[in-house]
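Here are my notes on this model, point by point. Please read them with the structure open.

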Amino acid sequence: MAIHPDSHEVAERVEKRWAMLVLAIVVVLVAMVVYTGLHWAMMPPSRVETVRPETLHVSGEFIESNLGSAPESDGSVTVRVVAQQYSFTPQCLLVPAGVPITFRATSSDVVHGFLITKTNINSMLEPGYVSTFKTTFDEPGDHLMPCHEFCGVGHHGMWAHVKVIDRAEFMQMAEKLPADSRRLSCVK
Ligand code: CUA
């Protein structure tokens, strides 16, 4: 078989072009990570807090009666959420607008995703760990909270709602509840 005299040169040129293309793609991806990290403040959680997933429902802060939105004495609101195959508890989170919100969430079985549309909250819920996020919703509205981490056959149907309401309305609803169990949600 005759080999073209320039074939070596051609191969080298083509290889170099592909290498440049791959390098360009890597540079674009790294730039995207840096941009979203700085501009949208998307950071991986930097602290580690553990919890026992097998006793989640029995004792501690993630028992069912303690889930939902709890007004704190400093004026902020803490929302506790548990994810399990294939739902979130509560299924509808009720929060006030213009108030600092701290989400404390974990999983009772496998890794789930935690994402609230139109916010910078986008993370994972891992069994054994408490994920915390802080945000303030500027105005009333509805947000979707889909699980975006493949967690099994029912993954596509796993999502919750976040309903942001007026601060005064929220506080009024909280006032009506007994002082020792002020936990709000919009689950009907
Ligand atoms: Cu839970 Cu996907």
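1. **Start at R104.** R104 counts as buried, at 13% relative accessibility. Buried means under 20% relative accessible area, exposed over 50%, and partly exposed in between, with a 1.4 Å probe and protein chains only. This is a predicted model: local features need pLDDT of at least 70, side-chain atom pairs count only at pLDDT 80 or more, and totals for chains, interfaces and linings use all residues. Residues are numbered from 1 along each chain as its sequence is written, and side-chain values use heavy atoms, with hydrogens and water left out.

2. **R104 and E49.** Which side chain meets E49 in a salt bridge? The partner is R104, at 2.5 Å, N to O. A salt bridge here is a side-chain nitrogen of Lys or Arg within 4 Å of a carboxyl oxygen of Asp or Glu. E49 lies in the loop between α1 and β1 (68–71) and R104 in strand β5, so the pair ties together parts that are 55 residues apart in sequence. Helices (H or I, at least four residues) and strands (E, at least two) are DSSP runs, numbered from the N terminus. E49 counts as partly exposed, at 23% relative accessibility.

3. **R104 and E61.** The side chains of E61 and R104 also form a salt bridge, at 2.6 Å, N to O. E61 sits in the loop between α1 and β1 and R104 in strand β5, so this pair ties together parts that are 43 residues apart in sequence. E61 is partly exposed, with a relative accessible area of 24%.

4. **E61 and R80.** R80 and E61 meet through their side chains in a salt bridge of 2.4 Å, N to O. The pair links distant parts of the chain: R80 is in strand β2, E61 in the loop between α1 and β1, 19 residues apart. R80 counts as buried, at 13% relative accessibility.

5. **Polar contacts.** T78 is in strand β2. T78 is buried, with a relative accessible area of 8%. The T78 side chain makes a polar contact with the side chain of E72, at 2.6 Å. A polar contact is a pair of N or O atoms within 3.5 Å; within protein, one must be able to donate a hydrogen and the other to accept it, and residues adjacent in sequence count only if both atoms are side-chain atoms. S107 is in strand β5 (residues 100–107). At 0% relative accessibility, S107 counts as buried. The S107 side chain reaches the backbone nitrogen of D109 at 3.2 Å and the backbone oxygen of V110 at 2.5 Å.

6. **Backbone points to check.** Most residues other than glycine have a negative phi, and most peptide bonds are trans. A cis peptide bond joins Q85 and Y86, with omega about 0 degrees. Y86 is in the loop between β2 (77–84) and β3 (87–89). Another cis peptide bond joins T89 and P90, with omega about -5 degrees. P90 lies in the loop between β3 and β4 (92–96). K118 is not a glycine, yet has a positive phi of about 65 degrees. K118 is in the loop between β6 (112–115) and β7 (122–125) and counts as exposed, at 72% relative accessibility.

7. **Helix α1.** V14 is in helix α1 (residues 7–39) and is partly exposed, with a relative accessible area of 40%. UniProt, in an unreviewed entry, places a "transmembrane region" at residues 18–38. UniProt positions are given in the numbering used here, feature names are shortened, and annotations may be inferred rather than shown by experiment. Over residues 18–38 the chain is 100% helix and 0% strand, with the end C-alpha atoms 30 Å apart.

8. The unreviewed UniProt entry gives "domain: Cytochrome oxidase subunit II copper A binding" for residues 74–176. Over residues 74–176 the chain is 9% helix and 50% strand, and the end C-alpha atoms are 19 Å apart.
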